Amino acid sequence: MSIALLYERSETDEMGIKLTAKKLGVELVFIPFRKIALSISDTGFAANTKGKDFTKTIEDSNVVLNRAQSKNRRLQAGYLLEGLGKKTVNSSSIEFICYSKLRTLLNLWKAKIPIPKTVFVPCDALDKLKNRKHLHNEKDIAELFQEILNPDDGIVIKPDSATHGKGMMLSNNREDLILNIQETKPSIINPIGVVAQEFIKKWFFDLRIIVYKEKGKPPVCHPIALARGGLKDFRTNTYLGNTVFAAKLPSNIIDLSIKSGKTLAKGERAWLFALDGMINIKENKIFDDNQLKIELEKVLNAFEPIRKIISETNKKDFSSWNNKLEESFRIYKMTKPYQKVKNIIDESIEKNKEKIIFHEANSCPEFWEHTRLIAEINIANPLIKGAKSLL
């Protein structure tokens, strides 16, 4: 019986999973899922790249870690593998829910888990008619949003299945709202319609919370979250140049996170999620914004050596590169600016712990470079253990 790692490209997460498996004494086999021909016919199933036949690899695999980074490829991979009788982490039913922000929020809302007020209009901003004329729907969509959400408080337009903050737009008045709706177009990250949410005043950080489960064991929420922080943009994603901090989670947030994981897992026996949450701090701040900007600039300077090392990823000598990365994070976490901002985050969460709001769930989180070294959880461990529990 074997565990397979399916991926599109071998990036740091995949190399980290391989390294972790080796340390755990688990032998992984590998399945590429990009330039591969997958065929079904009356003679059976086959999987071939230009230079190698992966048919037997797939046939002999019992459980597959589905790490395709594209949401669409991941969904197809899961459904295909399960059709061949394989177990996957995460399952295709989980991937289907997490593919869509709206589907994720609907499931959380039904379980009475706090989410942002969300509005979906299944109409596109621009319709192309059969007579080649265009029908503009922006103002009608804006009016529908305004009946439920107040643009003066901020309305966020976001693609239904985008990642890394792509396509998110903040509207602060009706004019902004109409212009932002005009920017939306049907695409692979926004198949249909327009999704809008109330703007949550999270101050300068959000949270990435890891929850997971092995077969036969209760679900677990890791007690330290990855906080992503900055004041340059309303989006705090690290891909937009923000920095990272460890954040201690109060027990009520841990309990809600476990409930969220169980809700999205729909009874699956092994799973893992990175939940994205915000604390609706509003004006309940504990530190002056102007002074905070100065402290965050200091943190950015302290973080710069890490950015440099990450940009120089060495796939040929991954272990040596990883040692340099770990040492740079150790130094970063000891700096006074990091400790000061971390304390502000921890105190803010504790003071506002009843104001947690969950807004997204990632079924295939990136983890090796930030989550592992800041939140102190190597996601490869629960992933591999979850897969082993399904054997």
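Lys217 is partly exposed, its relative accessible area being 48%, where partly exposed denotes the range between buried (under 20%) and exposed (over 50%), as judged with a 1.4 Å probe and protein chains only. Its side chain meets that of Glu214 in a salt bridge with an N to O distance of 3.5 Å, a salt bridge being a side-chain nitrogen of Lys or Arg within 4 Å of a carboxyl oxygen of Asp or Glu. Glu214, by contrast, is buried, with a relative accessible area of 15%. The model is a predicted one, in which local features need pLDDT of at least 70 and side-chain atom pairs count only at pLDDT 80 or more, whereas totals for chains, interfaces and linings use all residues. Residues are numbered from 1 along each chain as its sequence is written, and side-chain values use heavy atoms, with hydrogens and water left out.

By the salt-bridge rule the count comes to 24. One of these pairs is formed by Asp13 and Arg67, whose closest N and O atoms lie 3.5 Å apart. This pair links distant parts of the chain, Asp13 belonging to helix α1 (residues 12–24) and Arg67 to the loop between β5 (61–66) and α3 (71–83), 54 residues apart. Asp13 is buried at a relative accessible area of 7%, and Arg67 is likewise buried, at 3%. Arg307 and Glu304 also form a salt bridge (3.8 Å, N to O), and both residues lie in helix α9 (residues 289–311), three residues apart, or about one turn of the helix. Arg307 is partly exposed at 26% relative accessibility, as is Glu304 at 43%.

The protein has 13 helices and 18 strands, defined as DSSP runs of H or I with at least four residues and of E with at least two, respectively. Its radius of gyration, 22 Å, is close to the 21 Å that the globule rule gives for 391 residues, so the protein is as compact as a globular protein of that length; the radius is taken over C-alpha atoms, and the rule is 2.2 Å times the number of residues to the power 0.38. Buried residues make up 53% of the 391 residues.
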